[in-house]
Amino acid sequence: MDKNLTILEKVMLMGLLPLLGATNNLKQALITAVSAVLIALLIKFFARFISEREDYHWYLLIGVGITLSYIFYIAIIDLFPNLEVFINNYLLLLGVTPLIYIGASRSENKFFSYQKDFFILMIFVGALREILGKGTIFSIQLTAAGYPPLGFVKDFPGAFLIVSIIYLLVELLRKDKASLQEGSEKIV
Amino acid sequence: MRKLSELSRLFLNSLLSENMSLAFFLGILFMLIESGTIKQTAIKGLKYMSTVFVINVLGWFLHTILPGGLDPLNPAIFFLTTVTGVTVLKYWGELKGEWFGLPRFVPALGLFFGTQLLMQKGSYTYPEMMTANTAYILGGYLLFVLIAAIKEEIIVSDAAPVFKSYSTLLAAIAMLALGVIGIQII
């Protein structure tokens, strides 16, 4: 299942933890996505000073990642106290999310594509879960109060379901493109 | 008697409706990518979950003996216990190789670090910690083997290749999660 995955599919796997846990609503998704991209950039910067990639070098980077995610967690609560309700442990867990270490990887060199895709995905999943699960967007009521279109989407089964549907759509779109390319090759 | 019933409730909640992997998503990525055949996964699961159990107890003890003013050091303690867990598993011949250019242990970090964070968040006493930890481990192990079984079924099925992907596996987990919520309601 891990073979021939596109960047978007890899992003969905590597960033699965925040994608499932920090997308209850759009604000939470936005805060986590911005923090993740900034932490990933800082990790990429620190990784430049580490030439080797032995286990203990990785432990050092992961230690930096966990420290940064903790600093972000504390800093956001301190600087923006009104955002505290939108912050959960998944911001702290960014330090153990594989996606933020992609800048330190030797074989994956499209760092910015990974971060861009992750950011878009987080916003998309966050918006979708908030609209379907609560009937709101940025806390603005869109449907009749108390009557969300699909209430269970705001809970954990909904997170799995939404991410699986998006993954399937990504797969379908990719297969379409591949089959089109194959077809054009055959015509040629 | 009352205490026992509270612990029983904590055990059932931690096993089902607050399952570490279904409700808190800890270790889901690791389970998706590490699960192989059912037999392999059953053996692998014993190694991983016993390690998680031990580092959870270790993390709980260390953060409990730490004075209250030093709480910001908790992530550092959990990181150290996580590294210990990874080292033990590597000694057992697990988590070797790479995964998309990252060491194979990186996807497992969420499980190790996250469960300790979950324990800390629960502010458990020793009996509560042991009960919750046992339920988390048991629930995690069952889910790991179940994911391996679903993965095996998906691979051998006659479905179109597009459905033989993580999307189907995630959808199956979503159904399991819905079932767990159903049990909670009952």
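Mentor: Helix 3 (residues 38–65) of chain B and helix 4 (residues 74–91) of chain B pack at an angle of about 150 degrees, and their axes are 9 Å apart; please keep in mind that this is a predicted model.

Trainee: Why is helix 3 of chain B called roughly antiparallel to helix 4 of chain B?

Mentor: The angle between the two helices is about 150 degrees, and the label is given to angles over 145 degrees. The value lies on that side of the cut-off, and therefore helix 3 of chain B counts as roughly antiparallel to helix 4 of chain B. The crossing of helix 3 of chain B with helix 4 of chain B is right-handed.

Trainee: Which residues make the contact between helix 3 of chain B and helix 4 of chain B?

Mentor: On the side of helix 3 of chain B they include B:Tyr48, B:Val52, B:Ile55, B:Leu58 and B:Leu62, and on the side of helix 4 of chain B they include B:Ile77, B:Phe78, B:Val88 and B:Leu89. Sorted by class, this contact holds nine nonpolar, eight polar and one charged residues.

Trainee: How do you know whether chain B agrees with a compact globule in its radius of gyration?

Mentor: One sets the value against the globule rule: for 186 residues a compact globule would come near 16 Å, and chain B, with 17 Å, agrees. The C-alpha atoms of chain B fill a box of roughly 55 × 45 × 25 Å along the principal axes, and 47% of the 186 residues in chain B are buried. Among the contacts in chain B that join residues at least 6 apart in sequence, 74% link residues at least 24 apart.

Trainee: What is the order of the elements in chain B, and what is it in chain A?

Mentor: Chain B has seven helices and two strands, which run α-α-α-α-β-β-α-α-α from the N terminus on. Chain A also comes to seven helices and two strands, but its pattern along the sequence is α-α-α-α-α-α-β-β-α. The C-alpha trace of chain A spans about 55 × 55 × 20 Å along its principal axes, and 45% of its 188 residues count as buried.

Trainee: What makes up the side of chain A that touches chain B?

Mentor: To begin with the count, 39 residues of chain A are in contact with 32 residues of chain B. Helix 1 (7–14), helix 2 (16–21), helix 4 (55–79), helix 5 (89–92) and helix 7 (156–187) of chain A each supply at least two residues of that side, and the largest share, 11 residues, comes from helix 7 of chain A. By class, the residues on this side of chain A divide into 24 nonpolar, seven polar and eight charged.

Trainee: On which side of the cut-off do B:Gly182, A:Ser139 and B:Ser123 fall, buried or exposed?

Mentor: A residue is exposed at 12 or fewer C-beta neighbours. B:Gly182 has 12 other C-beta atoms within 10 Å and is therefore exposed, while A:Ser139 with 11 and B:Ser123 with 9 are exposed too. B:Gly182 is found in helix 7 (residues 166–185) of chain B, and B:Gly182 and B:Ser17, 165 residues apart in sequence, are 9.1 Å apart from C-alpha to C-alpha.

Trainee: What is the phi of A:Ser139, and what is the phi of B:Ser123?

Mentor: A:Ser139, in the loop between strand 1 (136–137) and strand 2 (140–141) of chain A, has a positive phi of about 65 degrees without being a glycine. B:Ser123, in the loop between helix 5 (109–122) and helix 6 (126–156) of chain B, has a positive phi of about 45 degrees and is not a glycine either.

Notes. Residues are numbered from 1 along each chain as its sequence is written. Chains are lettered from A and ligands numbered from 1 in the order in which they are written. This is a predicted model: local features need pLDDT of at least 70, side-chain atom pairs count only at pLDDT 80 or more; totals for chains, interfaces and linings use all residues. Two residues are in contact if their C-beta atoms, placed from the backbone, lie within 7 Å. Helices (H or I, at least four residues) and strands (E, at least two) are DSSP runs, numbered from the N terminus. Ala, Val, Leu, Ile, Met, Phe, Trp, Tyr, Cys and Pro count as nonpolar, Asp, Glu, Lys and Arg as charged, and the others, Gly among them, as polar. Axes are lines fitted to C-alpha atoms, for helices over the stretch in contact, and angles run from 0 to 180 degrees between N-to-C directions. Angles under 35 degrees count as roughly parallel, over 145 as roughly antiparallel, 65 to 115 as roughly perpendicular and the rest as oblique. A crossing is left-handed if the near helix is turned anticlockwise from the far one by less than a right angle, and right-handed if clockwise. The radius of gyration is taken over C-alpha atoms; the globule rule is 2.2 Å times the number of residues to the power 0.38. A residue is buried if 20 or more other C-beta atoms lie within 10 Å of its own, exposed if 12 or fewer, and partly exposed in between; C-beta atoms are placed from the backbone.
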